[in-house]
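Work through the two exercises below with the model open, and compare each step of the solutions with what you see.

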Amino acid sequence: MVALRTRATASETGESLFAVQIEMGAHSIVGDEPISAGGEGLGPNPFELMTAALAECSAITVRWFARQQNWPLEHVEVVVDHAKKLSAGSSTPADVFEKTVFIRGVELDGAQRKRLLDVAAKCPIQRILEGAPVINTKLGRSLDKSLGK
């Protein structure tokens, strides 16, 4: 059973060594590496997109839950920082996400704020990052027209 299906396509633009046009449904953005990594900084890099997806998903999930509960949430903002960090006793750096949830709602009580924070930690993107997703990689048909159809 497929509950949710999404598709994104990234195709080189030639605007920089790493610039890609990213198509997602009705939306399109440019992705690139920063100048320090050989790109031109024309758009977010993959780590920025991943970090943004976690922040976006968390904010939307908090808003959705507050709306379901008819709670007086006025505004939610989520800041996510991502870094590779070496923990004590480990020789392999781990991906560490620091997520801060800002909740504005003067009529929200402490229990509601705590519940909204708990909900932010259960957004679908966070669950994917915490889980063990399966990624199958396959070769597509050649884009080289000279190789035939």
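**Exercise 1: a helix and its ends**

Just after helix 1, Asn 70 adopts a positive phi of about 60 degrees. The model is a predicted one, in which local features need pLDDT of at least 70 and side-chain atom pairs pLDDT 80 or more, while totals for chains, interfaces and linings use all residues. Residues are numbered from 1 along each chain as its sequence is written, and side-chain values use heavy atoms, with hydrogens and water left out.

Task: check the span of helix 1 (residues 46–69), then describe its start.

Step 1. At 1.5 Å a residue, counted for one less than the number of residues, the 24 residues of helix 1 should span 34 Å, and the end C-alpha atoms, 35 Å apart, agree with this.

Step 2. At the start of helix 1, a side-chain oxygen of Asn 45 comes to within 2.8 Å of the backbone nitrogen of Phe 47.

**Exercise 2: the largest pocket**

Task: state how much space lies in the largest pocket, and which residues and elements line it.

Step 1. The largest pocket holds about 1200 Å³ of space. Of its 27 lining residues, Thr 6, Arg 7, Ala 8, Ala 53 and Ile 125 are the closest to its centre; lining residues have an atom within 4 Å of a point on the 1 Å grid.

Step 2. Strand 2 (20–24), strand 3 (27–31), helix 1 and helix 3 each supply at least two lining residues, and helix 1 gives the largest share, five residues.

Key
Helices (H or I, at least four residues) and strands (E, at least two) are DSSP runs, numbered from the N terminus. A polar contact is a pair of N or O atoms within 3.5 Å; within protein, one must be able to donate a hydrogen and the other to accept it, and residues adjacent in sequence count only if both atoms are side-chain atoms. On a 1 Å grid over the protein atoms alone, a cavity is a set of points where a 1.4 Å probe fits but cannot get out, and a pocket is an open set with protein on both sides within 12 Å along at least five of seven lines; lining residues have an atom within 4 Å of a point. Grid points are joined across faces, edges and corners, and a volume is the space filled by probe spheres set on the points.
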